[in-house]
Amino acid sequence: MLTRFLLWAPAISFLAGCSSAYKDLAASAKPAVASIYSNPLPDTSIWYRASVDIVGNHLSGLLLIKSRNDSARIVFTNESGFKFFDFEFGPTNYFKKHSVLPQMDKKAVIRTLQNDFLLVIGYPFRSPNLQYFQDGRFQYIASQYDNKLAYLVYPLDSKTIDHLELASKRKKLVTLTFEGKSLQAAESIKIEHHTFNMQIQLSKLKTGNVSQ
């Protein structure tokens, strides 16, 4: 199954279309909510039940997000503890691949997962070079990384985050939605890709459900 799971990698395309999904954005002043990710990550360990569906293939297991001293470790295992990957993230775009299943050790796979989980932990929005936009409905806090743009999106009349996006200059690539008072305390997280068939779903587990 894992071999089939990885056949999608060469087919990933981030080519922009003729019409921009962000053509209606206009520059705006810095909103109060812009400081939401300015503080270091809290020292915590959060377990999720994880489900990954991609091009007709499925992986499931447990995912740990462990943050310490403003760095984050993300480990994905199956129910028996067999490790799919172990990644570490840190300030100034630091990324380390501690381990990964050999069949998953492809550049496109690693980069896609890296970008997805950077959104989950909010690292792109710690940049000192944020930009601010709005359209008729939403306010956008934008950060550039990996030749893409990450957007923190919330309604004009609210300080509550609605969702996050990853985009090329013209095309929406990834949407991250969540349930809960904040992303950092989300009860569930959904990551959906728009340029190929991939979806990640995370459901928070109670501390007693797993052992560290």
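Is Glu165 buried or exposed, judged by relative accessibility? At 3% relative accessibility, Glu165 counts as buried. Buried means under 20% relative accessible area, exposed means over 50%, and partly exposed lies in between (1.4 Å probe, protein chains only).

The model is predicted: local features need pLDDT of at least 70, side-chain atom pairs count only at pLDDT 80 or more, and totals for chains, interfaces and linings use all residues. Residues are numbered from 1 along each chain as its sequence is written, and side-chain values use heavy atoms, with hydrogens and water left out.

Nonpolar residues were examined next. A nonpolar core is a set of buried Ala, Val, Leu, Ile, Met, Phe, Trp, Tyr and Cys residues joined through side-chain atoms within 4.5 Å. The largest such core holds 51 residues. Leu63, Phe85 and Ile189 have the most contacts inside it. Helix α2 (residues 107-121) gives the most to this core, with 8 residues. Helices (H or I, at least four residues) and strands (E, at least two) are DSSP runs, numbered from the N terminus. A second, separate core has 9 residues, among them Tyr22, Tyr140, Ala142 and Leu149.

Leu63 shows what such packing involves. Contact means heavy atoms within 4.5 Å. Residues up to four places away in sequence are not counted for Leu63. The residues that Leu63 touches include Ile46, Trp47, Tyr48 and Ala50. Ile74, Val75 and Phe76 are also among them, as are Phe85, Phe117 and Leu202.

Side chains of opposite charge can pair when their charged atoms come close. A salt bridge is a side-chain nitrogen of Lys or Arg within 4 Å of a carboxyl oxygen of Asp or Glu. A search of the whole structure finds 6 salt bridges.

One of them joins Arg49 and Glu79, at 2.6 Å from N to O. Arg49 lies in strand β2 (residues 44-54), and Glu79 lies in the loop between β4 (71-77) and β5 (83-90), so the pair ties together parts that are 30 residues apart in sequence. Arg49 is partly exposed, at 41% relative accessibility. Glu79 is partly exposed too, at 48%.

Glu165 pairs with Lys172, the closest N and O atoms being 3.6 Å apart. Glu165 is buried, whereas Lys172 is partly exposed, at 31%. Salt bridges that share partners also join Arg73, Lys83 and Asp86 into one network.

Lys23 and Asp24 form a further salt bridge, with the closest N and O atoms 3.6 Å apart. Lys23 is exposed, at 58%. Asp24 is exposed, at 57%.
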